[in-house]
Amino acid sequence: MDIKRAKQEIEHAVKAYLAVDDTGTPLIPPIRQRPILLMGPPGVGKTQIMEQIAQECGIALVAYTITHHTRQSAVGLPFIRHRNFGGADRSVTEYTMSEIIASVYEKMEQTSCKEGILFIDEINCASETLAPAMLQFLQCKTFGAHKVPEGWLIAAAGNPPEYNKSVREFDVVTLDRVKKIDVEPDFSVWKEYAYQQGIHGAILSYLEIRKDHFYAMETTVDGKRFVTARGWEDLSTILKVYEDMNLPVEEGLIYQYLQHRRIAKDFANYLDLYRKYRTDYRVDDILQGKYTKQAVTKLQDAPFDERLSVMGLLLSRLSEGFRGAYEADLTVTGLHGALLELKERFNSPYCKETPWENLFTGLVEEREAAFAKERKAGLLEKTAEHACMRELERLHFFLAEGKRNGCREKEDAFALVKGLFAKEAEGRENAIADASAMLDNAFAFLEEAFGAGQEMVIFITELTTNFYSVKFISENGSEKYYRYNAELLFDEKQKTILQDIEKAKTELNLLF
């Protein structure tokens with residue numbers, strides 16, 4: 001199955017394993033809570049979905065790659081304990097707590113999360129000395145003599161033997177005690193994740209044209225040649241940093257991430273074209289409504305690959321705008337909640353004699369502590385984390401401004417803070433207005449170039465795939481999006497249904 005379906009399967013399993021009845025007894029007894037074994041090619045996103053599941057379920061995650069561990073770190077070190085058996089003192093070998101189990105307890109203390117996922121990656125590549133411990137871990141949910149704490153679920157991942165010479169096959173006894181899920185790479189599914197992670201626009205538009213280059217694994221006389229989803233994501237990160245620093249991006253750099261010479265060369269050539277299209281079509285001007293008739297005509301006459309690339313440029317820039325508006329909204333929402341709490345403290349009779357700056361400082365410190373715990377637990381996705389950091393930075397600024405202006409009374413301090421908050425709210429409205437204007441201008445340009453043609457279908461489909469565009473449009477609306485979405489995507493579904501009917505008729509005629 002694809003990684004999105006696998007994620008849903010695991011989420012459902014997590015919720016079912018954590019469900020309890022009225023007495024607090026698990027609906028599925030711990031002994032029946034099979035460890036989840038996720039098997040698939042390297043770099044397909046197995047670790048990332050475990051992080052997402054933990055975030056979305058509000059539980060902690062402890063992740064280990066078992067190939068980095070020895071038997072001692074996984075099972076614990078031996079020591080001698082003296083015990084009495086049958087009236088005689090005996091020396092007995094016991095073991096210290098496993099480093100892995102200890103890290104679970106440490107995570108619980110750091111984050112106050114009593115429930116979580118213990119995730120062991122590359123489990124079928126454990127060393128020969130660790131292999132028995134891994135089988136015991138999957139079968140008995142223990143490392144050595146120490147059990148995984150209650151409320152913590154076990155998940156593991158591994159690569160099939162064709163991808164790794166170090167892989168050890170699991171026997172039937174072990175496989176009969178796990179919930180095994182096989183995953184395969186799928187670009188259309190990865191693309192949804194890529195939009196949310198802000199993957200470089202050149203990569204998304206290139207893979208839209210060259211879908212067969214998304215994942216490749218070939219064995220040649222010179223060794224392995226491969227490209228993975230992890231490689232594309234890491235390449236995206238380095239591309240953005242190099243562009244920000246005005247550093248050259250050459251084929252050699254790309255090959256370091258896409259270890260398939262032909263694909264790396266092809267993407268390097270495309271990246272040059274992508275940058276050329278950005279300059280030639282003046283994408284920012286298009287989104288500001290300043291495009292020329294020449295730009296429209298040029299795109300109309302361009303080959304299909306070039307049209308897709310220009311739409312990719314537009315979508316990438318739009319996604320940045322939608323993401324910025326989303327982050328601004330999260331920040332302002334967080335600030336609004338903080339100010340409501342601050343007002344409540346200012347008006348509390350129990351805090352009548354407490355100076356306003358002490359109350360404000362206490363509030364900020366509490367929110368910082370809560371943020372630190374969520375961050376350590378891995379409960380925040382990247383945009384939400386940035387918004388929280390921005391919220392705390394603004395709260396510190398509000399507090400400093402109150403002190404700088406010499407506010408003495410709580411009423412004066414709150415009036416000042418309220419005015420500063422209004423400016424933040426205005427910034428959010430401006431971000432939303434700018435993103436809405438860019439979307440309208442993109443529609444206007446594409447309408448003039450293609451009308452309601454195939455390109456508009458692709459544009460609408462990509463907006464529907466993008467997490468940030470869907471969220472933005474659902475909250476702020478877009479008359480053209482709703483209209484085209486209803487008309488064009490309905491027509492596409494109708495065409496597909498008619499094609500399926502004709503295909504069925506043809507197969508029926510062949511039978512009779």
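Guide: Buried means under 20% relative accessible area, exposed over 50%, and partly exposed in between (1.4 Å probe, protein chains only). This is a predicted model, in which local features need pLDDT of at least 70, side-chain atom pairs count only at pLDDT 80 or more, and totals for chains, interfaces and linings use all residues. Residues are numbered from 1 along each chain as its sequence is written, and side-chain values use heavy atoms, with hydrogens and water left out.

Visitor: Is T465 buried or exposed?
Guide: T465 has a relative accessible area of 18%, so T465 is buried. T465 lies in helix α18 (residues 454-465); helices are DSSP runs of H or I, at least four residues, numbered from the N terminus.

Visitor: Which residues is T465 in contact with, leaving aside its neighbours within four places in sequence?
Guide: Contact means heavy atoms within 4.5 Å. With those neighbours left aside, T465 is in contact with K191, E192 and Y195.

Visitor: Which residues are buried in helix α19?
Guide: An α-helix has 3.6 residues a turn, so residues three or four places apart point the same way. In α19 (residues 467-476), the buried residues are Y468, S469, F472 and I473. They are on the same side of α19 because they cover an arc of only 120 degrees around the axis, the arc being that of the directions from the helix axis to the C-beta atoms.

Visitor: What follows α19?
Guide: G477 follows α19, and its phi is positive, near 75 degrees.

Technical notes
Helix = DSSP H or I, 4+ residues; strand = E, 2+ residues; numbered from the N terminus.
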